Amino acid sequence: MQETITFQRENQRVSSSEVLQALAAGEEIRLKECTVSGDLDINRLLVKDENFDTSNVKMSSSDEKMTLTLPALIVFNSCKFEGNVCFSSQWEKAGELEVVFKKDVSFNSSVFCGQVRFSNAYFHGIAGFDGCVFERIASYREIRTKGRAMFRTVMFEGYGLFDGAVFGGETRFTNTCFSK
């Protein structure tokens, strides 16, 4: 059995490029109380000029869309994201990219300063966003969850968009505030 490599940091400043390379390498992500600088945009893994080694990430495409599968656990606990966070296609190319999270994903108690897009994402495990603050628009359009989806005590200061979302497991929005 192959040992899982973990990209782990605590109370540090981490560039979005470092996180993207760890995702591209299929590594577990475990960040606690870190600040992530720059745009964390999964679309950068698809750009040849970016030079990310994506050999450990499953990519498939059809005529209509590209599917990118992230195989490892992803945990951002009490982190701050200074730029945009994008695990979906760009706004102008809606629906062209599906990101599949095979393991649990947790962004609990994190602050998102920029726009957030998880549109068309598929969460096989837990999708954890408890205690998060979204300062700008957060788009979860057309997401699908197989496991639990947790959005308890979340503050959406911008728009929180969930149209077309399908929650397949227990889903909680207890004490969540939608400001717009």
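Colleague: What makes S88 count as buried?

Modeller: Buried means under 20% relative accessible area, exposed over 50%, and partly exposed in between (1.4 Å probe, protein chains only). S88 has 1% relative accessibility, so S88 counts as buried. This is a predicted model: local features need pLDDT of at least 70, side-chain atom pairs count only at pLDDT 80 or more, and totals for chains, interfaces and linings use all residues. Residues are numbered from 1 along each chain as its sequence is written, and side-chain values use heavy atoms, with hydrogens and water left out.

Colleague: Where is S88 found, and with which residues is S88 in contact?

Modeller: S88 is in the loop between β10 and β11. Strands (E, at least two residues) and helices (H or I, at least four) are DSSP runs, numbered from the N terminus. Contact means heavy atoms within 4.5 Å. Neighbours within four places in sequence aside, the partners of S88 are I42, N43, L97, V99, R117, F118 and S119.

Colleague: How many aromatic pairs are there?

Modeller: The count is 32. Rings of Phe, Tyr and Trp (its six-membered ring) pair if their centres lie within 6.5 Å; planes under 30 degrees apart are stacked, over 60 edge-to-face, and the rest tilted.

Colleague: Why is the pair of F162 and F167 called tilted?

Modeller: Centre to centre it is 6.5 Å, with 40° between the planes. F162 is buried, at 17%. F167, at 28%, is partly exposed.

Colleague: How do you know that the structure holds zero disulfides, taking C34 as a case?

Modeller: A disulfide is a pair of cysteine sulfur atoms within 2.5 Å. The closest cysteine sulfur to that of C34 is in C79, at 5.0 Å, too far for a bond. C34 is buried, at 1% relative accessibility.

Colleague: What about C86?

Modeller: C86 is in no disulfide; its nearest cysteine sulfur, that of C113, is 16 Å away. C86 counts as buried at 3%.
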